[in-house]
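Dear colleague,

Please find the structure below, handed over for your own work.

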Amino acid sequence: GDVYKRQALNQVDINLEVIVVDDGSIDGTEEFFKTYQNPAVRYFRKENEGLPALTRNFGAGEAQGEYLAFLDSDDTWFQEKLKIQIDTMRNNPDLLFCYGQAVARIEEKEIKVSGPFFKKSGNIFYPLMFRNFIVTSSVLIKREVFEKMSGFPIDQDLPIAEDLKLWLKVSMIGHGKYIESPIVHYDLGSGGISEDVSKRFDCLYKVLDWGMKENKTSKILRSIISVSYTHL
């Protein structure tokens, strides 16, 4: 139970609602929320359908706020994450979404997951086509924009990389902003589909191919993107 408090309810100077979507867990989460009471938290349980996009879209559909933020169960927000991002969005009303530096802990060392890149703010469609530097748990997006995009794409052929496709779709209609300071601790994972290299690159190729066709990318640039793309 304490893990939920550390991850979402520790935000400073922010009024927020927390939508917990239990994706068919068997770790005692359901039992915990049978007795947990907090007006800021709403709990929902659904069957695991194998697509993170379905779970995230479900939670977003229950949200009522102006902005949406996503937090995977194994990641952790810094306490000022939402305040920094909401201030950024309100000071830059033309922004559609913002995202930021993620750090991972490996053997007691912190590693910047997002890493250096030549452009992470403004029109980022092509930078994203070369490298996905956006960690989903670092994102804050206008709810109206998320709904306009119909949320994360639901595609059985995209069990991963569906987040990249959404960021590309948003980047085709407007700008984003990168927060340079660390705002989320990111779990690199210890197994599962994220470490299935063949499946990962198959999904990434499908998203990149879609993006290049959608944006009518030249053959030369298509070739450069195809051989140089790197993923988190």
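This is a predicted model: local features need pLDDT of at least 70, side-chain atom pairs count only at pLDDT 80 or more; totals for chains, interfaces and linings use all residues.

The largest nonpolar core comprises 36 residues, of which Phe97, Ile134 and Ile141 touch the most other members. Two or more residues of this core come from each of helix H3 (52-62), strand S5 (97-106), helix H5 (125-130), helix H6 (143-148), helix H7 (162-171) and helix H8 (197-214). Another core, of 21 residues, lies apart from it and has Phe33, Leu82, Met89 and Ile179 among its members.

Thr88 belongs to helix H4, which spans residues 81-91. Its relative accessibility is 13%, and because the cut-off for buried is under 20%, Thr88 counts as buried. Leaving aside residues up to four places away in sequence, Thr88 touches Leu95, Lys177 and Ile179.

As to strand pairing, S5 and S8 run parallel and are joined by seven bridges; Tyr99 has Tyr178 in S8 as its bridge partner. Strand S8 (residues 176-185) also pairs with strand S4 (residues 76-77), in the antiparallel sense and over two bridges. Here Thr76 stands opposite His185 in S8.

With kind regards

Notes: Residues are numbered from 1 along each chain as its sequence is written. Side-chain values use heavy atoms; hydrogens and water are left out. A nonpolar core is a set of buried Ala, Val, Leu, Ile, Met, Phe, Trp, Tyr and Cys residues joined through side-chain atoms within 4.5 Å. Buried means under 20% relative accessible area, exposed over 50%, partly exposed in between (1.4 Å probe, protein chains only). Helices (H or I, at least four residues) and strands (E, at least two) are DSSP runs, numbered from the N terminus. Contact means heavy atoms within 4.5 Å. Two strands pair if DSSP finds at least two bridges between them.
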